Amino acid sequence: MGPGNKLVELISGKRFRKGWTALNIAFFLLFVIIPTVYILSYAITDWSEIQEHVLSDPATMDLIIGSIIVAFEIATIVTIIDFVAGLPLAWMMARKDFRGKQFLDTLIDMPLAVPTAALGFSAAIFWAVTPNPPPFSLATISSPMILIILLHVVFSYPYMVRSLTAILGGIDETYETAGRTLGASRLTAVRTITLPLFRAGLVTGAILCFARSLSETGGTIIALATLYGRRMVEGDFHTGPSLIGFWKDASVSDPTLIPALSFVSILLIILALVLLLVLKIVIMRVRLPLRKVWPSPEKLLSRGLFPKIKDTSAIIFLIVIVLIPSFFIFTYVLTANPVQADWSPFIDALLTSFLVATIVTLIDLVMGIPMALYIVKNKTGRLSQMLDVLVNVPLIVPTAALGFSLGLFWSNFDPNASFPLLLIILAHVAFTYPLVVRNVVGAVEGIDPAFEETARTLGAKPIQSFRRVLFPMIKGSILAGAIMAFTRSLGETGATLAVVANANTAPVYIVELVNEQSYYLAAMACIILIIISYVFMLLLRRFTREEVV
Amino acid sequence: MPLVELKNVSKRFGKVVASSNINLRIEDGEYITILGPSGCGKTTLIRMIAGILEPSEGQVLIDGKDMIGTPIEERDIGYVFQNIALFPHLNALENVSYGPIVKNLTEGERHNVSNQYLNLVNLLDRMKMFPSDLSGGEQQKVALARTLASGSKLLLLDEPLSALDARVRVDLRYELRRITKNLGLTVLHVTHDQEEAMTVSDRIVLMRRGRIVESDTPEMMYRAPKELFTANFIGETNLLDGVVVSSGIERSLIELRDGSIVEAQPGEFDPGDLVVISVRPENVRATDEGLNSTIRSISFMGTYLRITAEADSEDILGFDVHVARGMDFNVGDTVSLGWVMESALVYPKPPGGIAEAVKLE
Amino acid sequence: MPSVTLLGIVKRYSDVTAANGLNLTVNDGEYLCLLGPTGAGKTTVLRIIAGLTTPDQGRVLFDGRDVTSLDPEERSAVLLSQTYCLFPTMTVADNVLFGPEIREIPEADKEQMLVSLLDMVRLSERANSYPKELSGGMQQRCALARAIATSPDVLLLDEPLRALDARLRIDLRRELKSLARTLGLTVIHVTHDQDEALVMADRIAILRAGKILQVGTPAEVFNEPESPFVANFVGQSNFFTGKLVNSTPTGAEIEDDDGRRVRARATSLPIGSKVVLAVKVGQTHILKREVTPLKGRIERILFEGRVVHVDVDIEGVGRFSSKIPVRRRGRYNVGDEVGIGWNRNKAKIFPYPENGLEDELKVD
């Protein structure tokens, strides 16, 4: 028996398997969940401070409550816009065959390749009335609220279209066809048959968008800074996350801000969790008018010009509202005067970002894949169902609040932030880990367990059946998860700033450049970041497409 | 006037030709099955009639009207799906009422129609149950009731029984024919099961590789198939390689590979032609004089035994004997096998070989 | 090749009992068909033998050795699932060599094995194809070769022919059976198709609602059913309900409420008990009206190929079916007044089922 065989024997042992599972769960709790919600403990330990500095200070309270209301308003509007504009496009992707479908598919994903910091900047200079607007910019929006809504639509739209497409693809089209053979027009069939089946998926899509909008910090801050043409100050328009970012920044010099900072973070986390729960219940409960039919008007809408208008406007929306603002930044290369500058700090920052992203992705993979397998294989177990829900928590917690919470948690162990890089890595693990787990869970759930069972009866040990049978089948999804985690880490600003105020990563550097109004440099840095992310994105698409199922 | 007529219909998916130049007329009130192996294009064909697919070329006429471009819901056809496709969020009654609702019937009419058809399939007591609580057979019956309740005269059944257990299938196919005949519907039933096709239909259309091989009543398809493929596909048959010795008005004489000479139906052959003889196992019997064969295996089939023997000519011959006579035969025994001349059909030997001509996949 | 024994197997899921005290022995080299309707628990039994499901109670023995607590890979019982589960990322050759690869069999032996196995299942030409490029029949054969390559003690087949066309299924039945016989495999084959079981099995075990109703050779379960359910499930039967009025060592008579009296085989049931008589459709004959108490009208005649199916509506009793040879078809027409009867030795008497006949016969 070779050494390889001994290893297989060892890790196939029941005791080893149990230990390994326990380790994975412990890692998840200790490094992902507890740091994420650690801030909640402040509500208990430092309640007196919160009371003194926040609750009894009407000005601060107004600021906090106002910013949180704005954040929820924005998230709601964004989710509705995403759904209304995303459904027709998702429909086209899931149900129709047309030339250029692959191309459109790539287009939809493109904003995901752009780090949110770059996106915030790009969208702001396209839409906003800025002190010094670049050529071709629309420069029409002066309301910060509308600007942020437009920005959030850009980066949450692809999530909505993606999840709607996936769910639509999963609903057997036969149901709809059956409805039509029974005499229902296309619209009637969709409304009375497909939509009710679709409801659970709708919740997923809505939650993803809502959470994404509610949690986004970096892009929001940068867009606001661009709109104002300066660093943000106390009296500016703030959303919950941007307020956290702003206070976190300011708290370096003014520690009295810490209680207010904690309070707004706690409030955001709790409200996000509660609201998402409510959203889930409301959508599942709401009664759609299923039994009613309006044959003639629905028939009219199913035929002729209407479907064409619907499809065309969906594509126009994609191009004008989503794509152009994402990539508007590229116009800088053509129009602005090159500025001589010292690129070495940016290259340093870029290298740091890469280092962080790589390490984070590796940790995610090593700890996340076993977790995902555990969740799927023990689907009926109470523990695994709980873990399945918990994994989503970091995704819906605002990244700034998350970063702040993580910073507080880890500063217990490293009070002077003497290992800033380590803190950043730990923070990034917390919000990228769910991406890997989610992707792998999705992929494994889609694969008939009979494949692995067959391998077992053919004599393969669990680890062998994973490596030889399951792994090749989900390789694509693992890679997709890895690349999502990587690009997300590469582009994240809010959480990074919240953990380490003077972090030296590429997105943070870009925020600095914007704050200093070095727009040309900021644009160039963004472009470089976009290109790198885009290359990864392409790789992702290639690998996911190669997947054989 | 035929209710449905296909004129030169072809359908291509990229380079794959799913239907090739199909011409078919279906009379009002006929029960037709479209039979063929997987991938022969039978489902594509009824999907084109339903409007789920549009043909690449040709015309689809229903009641004399060209249907090209008419959406599914305006063709007034009933369609029963292979995977049943009951709406999972509606109970049995609501499923059945769906057609009447979207056709805007009044509350009262709706109620009557739905109850009437649920009653027809004997499931009135299950009307409040959801599809997931019904057994496979019940689900398919509800699906049938749902289709019938929409009131169309033309019923398209896409492998309606293939998702069910063998035993349930047998019961349901009698049921299908009974109900549709009582209602006077025109039915187009797609299946890969030759037994099902023979039992339910007035006429079978046999397809292979996107083309119609042959079309006739079940009995003619079984007793006098025009094509070798049909002979093998509809019911089992023994195929023997041979050379024509003589072929007259009364009979043909054919020489097998080992030189033995057998009788078969007359045909327009010349001496020396290479041919294939097809004779069904139930028509082969042990006789005093015939092909010398050795028994290779015996299978119990319930009321009879199927015995497989190898003739000296190396042809494999299956033949059936009544269970009561089973004692007379043992594996390894030599028997002499023959048949009445009329039951042996003769076909020209296909250029690609017998195996290719009758290949099932 | 060992024998497989199941002792008192019980398996419950939250709402159903999939196995309810099963006892079964499969002999060395035997081809056993586990026959039953959907939901009878057939697949659960197979999974318990394979080690993929742990029974709540009971033991699984291979050749007398208790394997109940062993993992699947430690059992050498290969499961071939309904969908074959060929590994989509591997070629035919890699699929077939999956087992030998795991066992680290020397390269040269593997090569030789591959050649002979592919030859056996007629896939030599397709060694480098991927599963999705194969037809249904080829996939089935490839999965079979993969299973045999591990030289399993037991081959477990879960509806191996279900996914194939009806006509192809008929040809593959024989092929599969002769392969198993040639290799001397112990096979447990799960199916819902009684024709398939009759043709292929050495013995058939009939399973219903987690219980084995009867085990026997095909001829035994066909000719000597132990319950009305088996009589009807393995080859259709006609039923006649009545009271046992006469019982002698050579035969019995039953009479229904309207005084129709029919004959059957001898029975040990007490006179006067409510009974049901079952006779196979294929052994039910159409007679002249005068000679039988069961008189009626031909409801329909269906051509089925080698036989013709005739339904006769017997006044006051219900529908009886018969299969008659094609050559006799011309004698009857729909609407003819005829009678129904049978050879008394072909009719078997059962006590009337507790839950009623309809419930007893339910196959769905």
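Visitor: Which helices of chain A each supply at least two residues of the nonpolar patch?

Guide: Good place to begin. This is a predicted model, and in it the two contributors are helix 1 (3-12) and helix 2 (14-37) of chain A. The patch covers about 560 Å² of surface and is made by A:Leu7, A:Leu10, A:Phe16, A:Trp20, A:Leu23 and A:Val366.

Visitor: Which element gives the largest share of the nonpolar patch?

Guide: Helix 2 of chain A does, with 3 residues. A:Trp20 is found in helix 2 of chain A, and its relative accessible area of 32% makes A:Trp20 partly exposed.

Visitor: What about a pair within chain C, say C:Arg261 and C:Glu255?

Guide: Their side chains form a salt bridge at 2.9 Å, N to O. C:Arg261 is partly exposed at 39% relative accessibility, and C:Glu255 is partly exposed at 24%.

Visitor: Which residue of chain C forms a salt bridge with B:Glu236?

Guide: It is C:Arg174, with the closest N and O atoms 2.8 Å apart. B:Glu236 lies in the loop between helix 8 (228-233) and strand 11 (238-247) of chain B, while C:Arg174 lies in helix 6 (residues 166-183) of chain C, so the pair joins two chains. B:Glu236 counts as buried, with 17% relative accessibility, whereas C:Arg174 is partly exposed, with a relative accessible area of 30%. Both also belong to a network of salt bridges that links B:Glu236, B:Arg306, B:Asp320, C:Arg174 and C:Arg306.

Visitor: That brings us to interfaces. How is the size of an interface often given?

Guide: Often as the accessible area lost when the parts come together. Here, chain C and chain B bury about 3,700 Å² between them, with 51% of that on carbon and sulfur atoms. On the chain C side, C:Arg167, C:Phe303 and C:Arg306 lose the most area to chain B, together 21% of what that side buries. The contact involves 45 residues from chain C and 43 residues from chain B.

Visitor: How many salt bridges and polar contacts are there between chain C and chain B?

Guide: The count is 4 salt bridges, along with 15 residue pairs in polar contact. Several elements of chain C give two or more residues to this side, among them helix 5 (136-148), helix 7 (194-200) and strand 16 (295-303). Helix 6 of chain C gives the most, with 7 residues. B:Asp165 and C:Arg162 also meet across the two chains in a salt bridge, at 3.6 Å from N to O.

Visitor: And what area is buried between chain B and chain A?

Guide: About 2,200 Å², of which carbon and sulfur atoms give 65%. B:Glu73, B:His89 and B:Tyr98 supply 27% of the area that chain B buries against chain A, more than any other three residues. In contact terms, 25 residues of chain B meet 24 residues of chain A.

Visitor: Which residue of chain A forms a salt bridge with B:Glu73?

Guide: A:Arg180, with the closest N and O atoms 2.8 Å apart. Across this interface of chain B and chain A there is 1 salt bridge, and 4 residue pairs are in polar contact. On the side of chain B that touches chain A, strand 6 (77-80), helix 2 (92-102) and helix 4 (136-149) of chain B each give two or more residues. The largest share, 5 residues, comes from helix 2 of chain B.

Visitor: One last stop: where is B:Ile298?

Guide: B:Ile298 is in strand 15 (residues 284-300) of chain B, and at 31% relative accessibility B:Ile298 counts as partly exposed. Leaving aside neighbours within four places in sequence, the residues in contact with B:Ile298 include B:Leu305, B:Ile307 and B:Phe329.

Technical notes:
Residues are numbered from 1 along each chain as its sequence is written. Chains are lettered from A and ligands numbered from 1 in the order in which they are written. This is a predicted model: local features need pLDDT of at least 70, side-chain atom pairs count only at pLDDT 80 or more; totals for chains, interfaces and linings use all residues. Side-chain values use heavy atoms; hydrogens and water are left out. Patches are made of residues with over 30% relative accessible area and no salt bridge: like charges are joined within 9 Å, nonpolar side chains (Val, Leu, Ile, Met, Phe, Trp, Tyr) within 5 Å. Accessible areas come from the Shrake-Rupley method with a 1.4 Å probe; for residues, only the protein chains shown count as cover. Helices (H or I, at least four residues) and strands (E, at least two) are DSSP runs, numbered from the N terminus. Buried means under 20% relative accessible area, exposed over 50%, partly exposed in between (1.4 Å probe, protein chains only). Contact means heavy atoms within 4.5 Å. Buried area is the accessible area (1.4 Å probe) that two parts lose on being put together, summed over both. A polar contact is a pair of N or O atoms within 3.5 Å; within protein, one must be able to donate a hydrogen and the other to accept it, and residues adjacent in sequence count only if both atoms are side-chain atoms.
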